[in-house]
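Here is a report on one protein chain. Keep the sequence and the 3D view open while reading.

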Amino acid sequence: MNIKYLASLLFVIWLCLPGFSQNLLVKGGWVFDTSSKSFLPNSEVYIQNGLFVDQFNGSAGWQTLDLSKEDYILPGLIDLHAHYRVSYANKAYDDTLAMPKIFLANGITSTFPAGEIEPEKMWDLQQEIDAGKRPGPRILHSGPYFGTAAPDWNPDFTEKDIRDRVDYWAARGALGFKAKGITAAHLAILIDQAHKQNLTVTGHLNSGYRNSVNPQEALEMGIDRIEHFLGGRLLADSIDAYQSLKQLDPLDPRLAEIISIYLEKDAYLDATLGTYGAIGMVDSPVFEDWANENQYLTPFARKLVEAMKPSSFNELCALIYPVKQGTLLRYYKAGGLITVGTDRPLLLDNYLGAGIGGFFIHREMAAMVEIGIPAGEVLYYATQQNAEAFGIADRAGSISSGKWGDLMIMKGNPVDDINRTRSVHTVIRGGKVFNSKELLESAKGKLGPES
Ligand SMILES: [Zn+2]
């Protein structure tokens, strides 16, 4: 075999490696226009070496994807509260087998794991996905939780311990942090050190009850985003936030105070609205199971889920859901900044209602549209606004030259019916084309413990 032949053979093998990012031309169909928040006829979208480019750059090796007039192209969805966590028998782990495929198949090309249980394992997953060795979305690495939600958290951590923890995970590629079960003193240090690293912080906080932090206090400290609920002084610090929330009147004039603080601070609310409806087992088309999601569970996990009985937490969430709907609508009307996150870990000890991560982003968007937020707005939140909130708008969120070549393609215009995002059939990540059906097929029966 001569050297020339060997070289060209090696080149062909290299082209076939999954890590090779193709030069892709996507033609036809409709494409989301981020400025008008609507779809326009698509002439051509180019992805070269994994990034969007303005035009065809001469060289050979372009693959063309021809779309029909029923096809609608959206920048890849970003899930800012995308747990990979599975808990069973009071033990938790991050699932790296099924969840990456399920997220990607649903059009989610970037995930913020919102507190990793096994950050080292998530790091390995990220490396393998980025190298093209296995399918999955980008992991916007969060590192471990900051607060008692982390198995290794010590309430006696010193200021230096917290700053070192931030620096260590920032050096390991964390792109943002999440606090849960944190004290005010520790949170202030976390925010300060993360901002020194140019990284954002979000928090699952509380009312102020039992040494917890109310979102209002965190906003004064400069936190970037808040998960789940607005907070504010309307929540009594003598009881847990959820107990307080269930009796809150979304029309209470005093809510204006906390909303104005979000506006003043340019802070984002990740309402995770849908998960409360699912946990509360609310009867709405938003929560229907269109994809038979239990088929992705292992036979063992499926049996556990099917035998689960609702608890008082499910009843509590049923009361909280309408309050959350009302407050989110009010926050939206006031001009509040909203992000999209799902918050659907697979908990096999507590019943969280039906619906698993990945699929759930379609419910989250539909839940927002159901309360009266226009669908075009919601699609903008799940793409460009999420990228801005996370501080990666230079890399993600829209189809613009130099950004990651990430897209999802669905049938029908989701601005007319948000449920059409469920019809996603093709997902492109860094110019590489994935078939949703094939990804889902390979995830069947894989999520959860085997025994
Ligand atoms: Zn969560």
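Just after α8, D266 takes a positive phi of about 55 degrees. This is a predicted model, and every value here is computed from it. Helix α8 itself spans residues 255-265, and its buried residues are L255, I258, I259 and Y262. Those residues cover an arc of only 100 degrees around the axis, so they sit on the same side of α8. An α-helix has 3.6 residues a turn, so residues three or four places apart point the same way. The face of α8 turned away from the buried side carries exposed residues: A256, E257, S260 and E264. What do the buried residues of α8 pack against? Their partners are α6 (215-221), β16 (268-270) and α11 (312-333).

## The chain as a whole

The chain has 14 helices and 21 strands. Its C-alpha atoms fill a box of roughly 80 × 50 × 45 Å along the principal axes. The radius of gyration is 22 Å; a compact globule of 451 residues would have one near 22 Å, so the two agree. Of the 451 residues, 49% count as buried. Among contacts with a separation of 6 or more, 76% join residues 24 or more positions apart.

The domain assignment gives domain 1 (18-74 + 399-438) and domain 2 (76-397). Their C-alpha centres lie 27 Å apart. The contact between them takes 25 residues from domain 1 and 27 residues from domain 2. On the side of domain 1 that touches domain 2, the elements giving two or more residues are β19 (407-411), β20 (426-429) and β21 (432-435). By class, that side has 13 nonpolar, six polar and six charged residues.

The largest nonpolar core has 127 residues. Those with the most contacts inside this core are I73, I102, F177, L190, M365, V378 and L447. Helix α13 (residues 375-390) gives the most to the core, with nine residues. Where does this core lie relative to domain 1 and domain 2? Both domains give residues to the core, so the core lies between them.

M365 is one of the residues with the most contacts inside the core. Leaving aside neighbours within four places in sequence, M365 is in contact with V340, V378, A382, I418 and T421.

M368 is in helix α12 (residues 360-370). Is M368 buried or exposed? M368 counts as buried, because it has 27 C-beta neighbours inside 10 Å, and the cut-off for buried is 20 or more. Beyond four places in sequence, M368 is in contact with L273, I373 and V378.

S436 is in helix α14 (residues 436-443). S436 is buried too, with 21 other C-beta atoms within 10 Å. Not counting residues up to four places away in sequence, S436 touches A105, V424, H425, T426 and V427.

Sequence separation and spatial distance can be set side by side for two pairs.

| Pair | Apart in sequence | C-alpha to C-alpha |
|---|---|---|
| M368 and G431 | 63 residues | 30 Å |
| S436 and I102 | 334 residues | 8.6 Å |

Terms used:
Residues are numbered from 1 along each chain as its sequence is written. This is a predicted model: local features need pLDDT of at least 70, side-chain atom pairs count only at pLDDT 80 or more; totals for chains, interfaces and linings use all residues. Helices (H or I, at least four residues) and strands (E, at least two) are DSSP runs, numbered from the N terminus. A residue is buried if 20 or more other C-beta atoms lie within 10 Å of its own, exposed if 12 or fewer, and partly exposed in between; C-beta atoms are placed from the backbone. Two residues are in contact if their C-beta atoms, placed from the backbone, lie within 7 Å. The radius of gyration is taken over C-alpha atoms; the globule rule is 2.2 Å times the number of residues to the power 0.38. Domain bounds come from an automatic or database domain assignment. Ala, Val, Leu, Ile, Met, Phe, Trp, Tyr, Cys and Pro count as nonpolar, Asp, Glu, Lys and Arg as charged, and the others, Gly among them, as polar. A nonpolar core is a set of buried Ala, Val, Leu, Ile, Met, Phe, Trp, Tyr and Cys residues joined through C-beta atoms within 7 Å. The arc is that of the directions from the helix axis to the C-beta atoms.
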